[in-house]
Amino acid sequence: MIYVAGSLNTDLCIETPVMPKEGETITGKGFIANCGGKGANQAASAAKLGGKVAMCGVVGNDSLGENSITNLQKFGVDVAHIRKCDAAPTGTAVIVITNGNNRIILDKGANALLTRSDIDDFLKNARKGDIYLTQLENPIDVIGYGLKIAKEKGLFTILNPAPANKDISEFFAYVDLITPNETELELFGGKEELFAAGINKIVTTLGARGYEIADRTGAKIYPCIKVAAIDTTAAGDTLCGGLAVGLSERMSLENACAFGSKAASIACTRKGAQQSIPYRKELL
């Protein structure tokens, strides 16, 4: 079983040839609104790629939240632990795409209301050997608590440390595998700092160059499949979800990363977040 604790957002995406300057209005194209959020994206990826997945998170008691839940259900995600609340709207991300690369502005909304009680209820039936996957778009103390509880129950814990926040560092002792990009890796002090904090495996995503797998004995860079990228919005999340599926099927870390990387390459050739993620049959 793959347990994903994290964020659910509605993504509002638009393409533009250049970023507008201060006070400038320019014409874009290709506007779409779709379901996103790092947690939901990774849960969708894991489910579409063949994993048995449950998700924990919080949405507003609004149409955007209902749509987020329905969309995950469509992919086969267990949504019983996604809580609706009246205190905040569903999280929203505004995504501006320029030349195939994205810039994101996020309002956390209901994602900020995830609690330790949510985590306790979510993991009450988790078993040793299950996979726990989480990110940093919810309160850091709650995300850290989730890692601690999952680790104590014997789950294999994966942290995607995005958006980067150094406050999560105190919980690194509960992380089996971390998946930063190059910027996030630098912010946390590099591989040696992560190893010193208790993390044993590091998978660093390198964009179009692929990814690096590192442990205390060394590191190796693996190339990804080259594609004509049109939208990289959910590429990292797709890799994380695919990686979790591979590990849940007892693949080696190398094979699990290759599985997730191939799915991420496909996602880069499509617009949007969750709808860009391939199903397992497409990947095979």
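Trainee: Quick one to start. Is Phe172 buried or exposed?

Mentor: Phe172 counts as buried, at 3% relative accessibility. Keep in mind that this is a predicted model.

Trainee: Which residue does Phe172 form an aromatic pair with?

Mentor: Its partner is Phe188, and the pair is edge-to-face. The centres are 5.4 Å apart, with 70° between the planes.

Trainee: And Phe188, buried or exposed?

Mentor: Phe188 counts as buried, at 8% relative accessibility.

Trainee: What else is in the S9 to S10 loop?

Mentor: Pro163 lies there. A cis peptide bond joins Ala162 to Pro163, with omega at about -10°.

Trainee: Back to rings. How many aromatic pairs are there?

Mentor: The count is 4 aromatic pairs. One of them is Phe75 with Tyr279. Their ring centres are 6.3 Å apart and the planes are at 70°. Edge-to-face needs planes over 60 degrees apart, so this pair qualifies.

Trainee: Which parts does the pair of Phe75 and Tyr279 tie together?

Mentor: Phe75 is in helix H2 (residues 63-75). Tyr279 is in the loop between H8 and helix H9 (280-283). The two parts are 204 residues apart in sequence.

Trainee: How covered are they? Start with Phe75: buried or exposed?

Mentor: Phe75 is buried, with a relative accessible area of 10%. Tyr279 is partly exposed, at 34%.

Trainee: Which residue has its charged end over the ring of Tyr279?

Mentor: Lys48 does. Its charged end sits 4.6 Å from the ring centre. Lys48 is also one of the buried residues of H1.

Trainee: How many residues of H1 are buried?

Mentor: H1 is mostly covered, with 10 of its 11 residues buried. Gly39, Asn41 and Ser45 are among them. Just after the helix, Gly50 has a positive phi of about 105°.

Trainee: New topic: how many salt bridges are there?

Mentor: The whole structure has 11 salt bridges. Take Asp237 and Lys38, whose closest N and O atoms are 3.3 Å apart.

Trainee: Why does that pair of Asp237 and Lys38 tie parts together?

Mentor: Asp237 lies in helix H7 and Lys38 in helix H1, parts that are 199 residues apart in sequence, so the pair ties them together. Asp237 counts as buried, at 3% relative accessibility. Lys38 counts as partly exposed, at 22%.

Trainee: Which residue forms a salt bridge with Lys84?

Mentor: Glu66, with the closest N and O atoms 2.3 Å apart. Lys84 is in strand S5 (residues 78-85) and Glu66 is in helix H2, 18 residues apart in sequence. Lys84 is partly exposed at 42%, and Glu66 is partly exposed at 34%.

Trainee: What about Arg280, which residue does it bridge to?

Mentor: Arg280 forms a salt bridge with Glu249, closest N and O atoms 2.9 Å apart. Arg280 is in helix H9, and Glu249 is in the loop between H7 and H8, 31 residues apart. Arg280 is partly exposed at 23%, and Glu249 is partly exposed at 36%.

Trainee: Last topic, the largest pocket. What is its volume?

Mentor: The volume is about 1,200 Å³. Its lining has 45 residues, and those closest to the centre are Asn102, Thr232, Thr233, Ala235 and Gly236.

Trainee: Which elements give two or more residues to the lining?

Mentor: They include strand S2 (9-15), helix H1 (38-48), strand S7 (101-107) and helix H7 (235-248).

Trainee: What is the lining like by class?

Mentor: The largest pocket is lined by 19 nonpolar, 18 polar and 8 charged residues.

Definitions and conventions. Residues numbered from 1 in each chain as written. Predicted model: local features only at pLDDT ≥ 70, side-chain atom pairs only at ≥ 80, totals over all residues. Heavy atoms only, no water. 1 Å grid on protein atoms, 1.4 Å probe; cavity = no way out; pocket = protein on both sides within 12 Å on 5 of 7 lines; lining within 4 Å. Points joined across faces, edges and corners; volume = space filled by probe spheres on them. Helix = DSSP H or I, 4+ residues; strand = E, 2+ residues; numbered from the N terminus. Nonpolar A, V, L, I, M, F, W, Y, C, P; charged D, E, K, R; others polar. Phe/Tyr/Trp six-rings, centres within 6.5 Å; stacked < 30°, edge-to-face > 60°. Buried < 20%, exposed > 50% of the residue type's maximum accessible area, 1.4 Å probe, protein only. Lys NZ or Arg CZ within 6 Å of the ring centre and 35° of its normal. Salt bridge = Lys/Arg side-chain N within 4 Å of Asp/Glu carboxyl O.
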